[in-house]
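Trainee: I would like to learn how to read a model like this one. Where do we begin?

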Amino acid sequence: MQRAKFALPSFVTLLSIACGFGSIVISVDNAHAGFPADYRLAAALLVLAGIFDALDGFVARATGTSSEFGVQLDSIADVMNFGVGPAILLYCYAFVQMGPADPVLLRAGGLAAFFFVACGALRLARFNVSVGRTDPKYFVGMPITAGAACVAAVVVAWPFPPETSLHGWLVVVLLFAVGSLMVSTIRFPSSKQKKSVAALVLLLVNVGLLVWLRFYYFVLFFALYIAATLALNLAWRSGWKGIAPPLVYEED
């Protein structure tokens, strides 16, 4: 039983990897068919992978079985689930069918997808080596899970593959923009912010918007999330102290 208890968090992480792998398989199989429902399913599996990713840490803490092995396995899973998975989803969704008519867009899409994966891997590596050296209330750069959800939200909202080169190029810009945010030094709020009545009200507003807007809610959420974070960082740079800026840790 003791050994099984230590294996439980890793099993949850493997379930996350299974969801990420399933998303990749569905994306590749659907690349030439372009069925919208299959693209939405691939995106939903990435969301499910994110749920399992959150659960493995919770299970490890609840059972007292946190380990360095689990930390490393979780990082490997994150690269595949939230780096490779979304990149392949967006590549198959936006570029494969456009390839014969616009080979330049196809190559640019492949480069943008790789850029997203590379930035996600760099983001995770930086996070792993900076644990305990940064303010836990803020992430340095957009978290890879948020980056994956941001690009997948486009597929959820508009599951029909792009029909014009303009739409394809917009996806290229999206991948480069989100990848750049992940490796930036912009501070993104984490879930370890102080809980307040305002936060509860904001949560209820978001639930209402989700019920009202359904699939389009996620695009709106990430657009506002990025815009508000950029505005907050610009305000800090201009000297505004209305919200306390992140603590700066001195190097040893």
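**Reading the model**

Mentor: With confidence: the mean pLDDT of the protein chain, the predictor's confidence in each residue from 0 to 100, is 89, and 95% of its residues reach 70 or more. This is a predicted model, in which local features need pLDDT of at least 70, side-chain atom pairs count only at pLDDT 80 or more, and totals for chains, interfaces and linings use all residues. Residues are numbered from 1 along each chain as its sequence is written, and side-chain values use heavy atoms, with hydrogens and water left out.

Trainee: Where in the protein chain is confidence lowest, and where is it highest?

Mentor: Helices are DSSP runs of H or I, at least four residues, numbered from the N terminus. Helix 7 (residues 197-213) has the lowest confidence, at a mean of 81, and helix 6 the highest, at 96.

Trainee: What span should helix 3 have?

Mentor: The expected span is 1.5 Å times one less than the number of residues. The 27 residues of helix 3 (residues 68-94) should therefore span 39 Å, and the end C-alpha atoms are 38 Å apart, which agrees.

Trainee: Where does helix 3 kink?

Mentor: A bend is the angle between axes fitted to the seven residues ending at a residue and the seven starting there. In helix 3 a kink of about 30° lies at Val84, shortly before Pro86.

Trainee: How is empty space found?

Mentor: A probe the size of a water molecule, rolled over the atoms, shows where space is left. A pocket, on a 1 Å grid over the protein atoms alone, is an open set of points where a 1.4 Å probe fits, with protein on both sides within 12 Å along at least five of seven lines.

Trainee: Which element gives the largest share of the lining of the second largest pocket?

Mentor: Helix 6, with seven residues.

Notes
Helices (H or I, at least four residues) and strands (E, at least two) are DSSP runs, numbered from the N terminus.
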